[in-house]
Amino acid sequence: MTDQAKTLSALGLTAGGGADPVITGLSVDSRMVKPGHLFAALPGSQVHGADFVGHALRLGAAAILTDRKGARQAAGALAQSGAALVVTEDPRQALAGAAALFFGAQPETVVAVTGTSGKTSVASFTRQIWDMLGFSACSLGTMGVQGAWSAPLAHTTPEPVTLHRMLSEMAAAGVSHAAMEASSHGLDQRRLDGVTLKAAAFTNFSQDHLDYHADFEAYFAAKAALFERVLPPDGVAVINIDEARGVQMRALAEARGQEVLTVGRAPGADLRILDQRYDATGQMLRFAWGEAVHLTRLDLIGGFQAENVLAAAGLVIASGEPPDQVFPLFCGLKTVRGRMELAATRDNGATVFVDYSHKPGALASALASLRPHVMGRIVVVFGAGGDRDRGKRPLMGQAAAQHADVVYVTDDNPRSEKPAMIRAEILQGCPSAIEVGDRAEAILRAVDTLSAGDALLIAGKGHETGQIVGDDVFPFDDREQASVAVAALDGRMT
Ligand SMILES: CC(=O)N[C@H]1[C@@H](OP(=O)(O)OP(=O)(O)OC[C@H]2O[C@@H](n3ccc(=O)[nH]c3=O)[C@H](O)[C@@H]2O)O[C@H](CO)[C@@H](O)[C@@H]1O[C@H](C)C(=O)N[C@@H](C)C(=O)N[C@H](CCC(=O)O)C(=O)O
């Protein structure tokens, strides 16, 4: 038996016929199965994992976990095998529980955040505050695992086997605190069901992912599962109550018996935004905690970031930290890499930001969020990827024309398409834009136009560091290009 090997029953699973083999690992993909593994044959969107039971058995699977349909489908393959068969109504939930027991450890404090937008920022701010308080902390989500322990992630919310392996490795490395993004896909597929949460946050709710969820209600129900199913009744729910959906979520949390900490602009919120004053690189935030009023600096662009900061503070307070130690740390918070990130400042004070927005709505809101920070003009440089959704190109053009004062259309990962064709499609939405194919030159020219009080947004790549042309990936970092352009134009040494 390896260190981690456990019997099937120790994983909370009961096989037909009383079989109780030793399990040496867990797999949701037959191609990853090793001798002694439990293979979870899950119903998928394309196929049923039961189609691959024969494959898993040939690779040495000791047990199969599936639903009734899967068991019927795999009956032939299973007949001669001698492998244990666990049949359950919800194999995804059983897998989540088994993964938690198999890996057996997680950081002492784990919190999660859901909502249509803001998850990445809230998880990052929560991790940063813990970090400043001296804890060994991580965040998990779209940006991978970051902090005291790091690793790339293929999914925002990893499937349970990967998730619990990582949580146990973090715990072994001394990580005491972790903040996770809970995607609606992850919640719907019960990827988080085995995690013990101390607190969970809800940011906001708008239309998204209707390609996956049947309708708006199903999408909301997936998010609500964080409070209705994953967070235990003794956990703390941190809820932004500015929208009706937040009020609805608060009622669900209260019905579950959870303590609720509310945030937002709404009167009565426990952590309440009173006032924001914007400047070129951030904002002054006045907020109330009960009767006490606090004033703090945030080096963050966008009014919505104050909501994210308060949600993160709510999670940290819910994890047991004194509010008066948490609030003074707000001024040290940094934006997520490549999200409205200040990349350079010209000698005349004009600012250059880099943002990951690469869809019409995201580009529009990035530009709109910048507006209150800018006394002068907003200049934008952006493009659209090749071999991807063509319909968005003119819409991105329209968003830029509507929200920026000067628009440069350039290349952004043209892949196998002719870059000039992509630019032409974008230009349909912003006919008076300036077209400069070479992205570095577009950035240089845009930086050159900046006067005092202006701001430039370079949109599309964010934290990414490559330009994909054909099958080649050329190194390209918008942040670096911004610094180089500013240094060259202002005569600074690089
Ligand atoms: C739409 C979706 O969420 N799909 C997830 C689902 O896969 P599926 O239902 O499509 O799988 P399938 O292809 O029908 O196959 C069924 C089963 O057979 C297995 N299989 C398949 C082939 C094989 O040779 N052997 C084998 O065992 C598969 O591993 C799977 O378990 O179950 C799989 C195993 O749990 C997940 O890996 C997979 O995530 C896919 C890869 C995915 O891309 N998901 C995205 C949409 C996602 O989860 N995104 C959210 C973020 C969303 C956001 O906020 O933007 C995320 O948390 O990352």
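Some ground rules. The model is predicted: local features need pLDDT of at least 70, side-chain atom pairs count only at pLDDT 80 or more, and totals for chains, interfaces and linings use all residues. Residues are numbered from 1 along each chain as its sequence is written.

Let's start with the record. An unreviewed UniProt entry puts the feature "binding site" at S30, T156, T157, S183, Q189 and R191. Those six positions span 162 residues in sequence, and the farthest two C-alpha atoms are 24.6 Å apart, so they do not all gather at one spot. A caution on UniProt: positions follow the numbering used here, feature names are shortened, and annotations may be inferred rather than shown by experiment.

Take S183. This residue sits in the loop between β10 (177–181) and α7 (184–188). Helices (H or I, at least four residues) and strands (E, at least two) are DSSP runs, numbered from the N terminus. Is S183 buried or exposed? S183 counts as buried, because 23 C-beta neighbours lie inside 10 Å. The cut-offs: buried takes 20 or more other C-beta atoms within 10 Å of the residue's own, exposed takes 12 or fewer, partly exposed is in between, and C-beta atoms are placed from the backbone.

Which residues does S183 touch? Leaving out residues up to four places away in sequence, the answer is T156 and T157. Contact here means C-beta atoms, placed from the backbone, within 7 Å.

Next, Q189. Q189 lies in the loop between α7 and β11 (199–202). Q189 is buried too, with 20 other C-beta atoms within 10 Å.

Now the ligand. It is surrounded by 20 residues, and the closest are G44, Q46, H155, S183 and H185. A residue is near if its C-beta atom, placed from the backbone, lies within 6 Å of the molecule. Domain 1 (6–92) and domain 2 (104–332) each supply at least three residues to this shell. Those domain bounds come from an automatic or database assignment.

Last, the backbone. Most residues other than glycine have a negative phi. D387 is not a glycine, yet its phi is positive, about 60°. D387 is in the loop between β19 (378–382) and α13 (392–403). D387 is exposed, with 12 other C-beta atoms within 10 Å.

N413 also has a positive phi, near 55°. Its loop runs between β20 (406–409) and α14 (419–427). N413 is buried, with 24 other C-beta atoms within 10 Å.

Technical notes. Contact = placed C-beta atoms within 7 Å.
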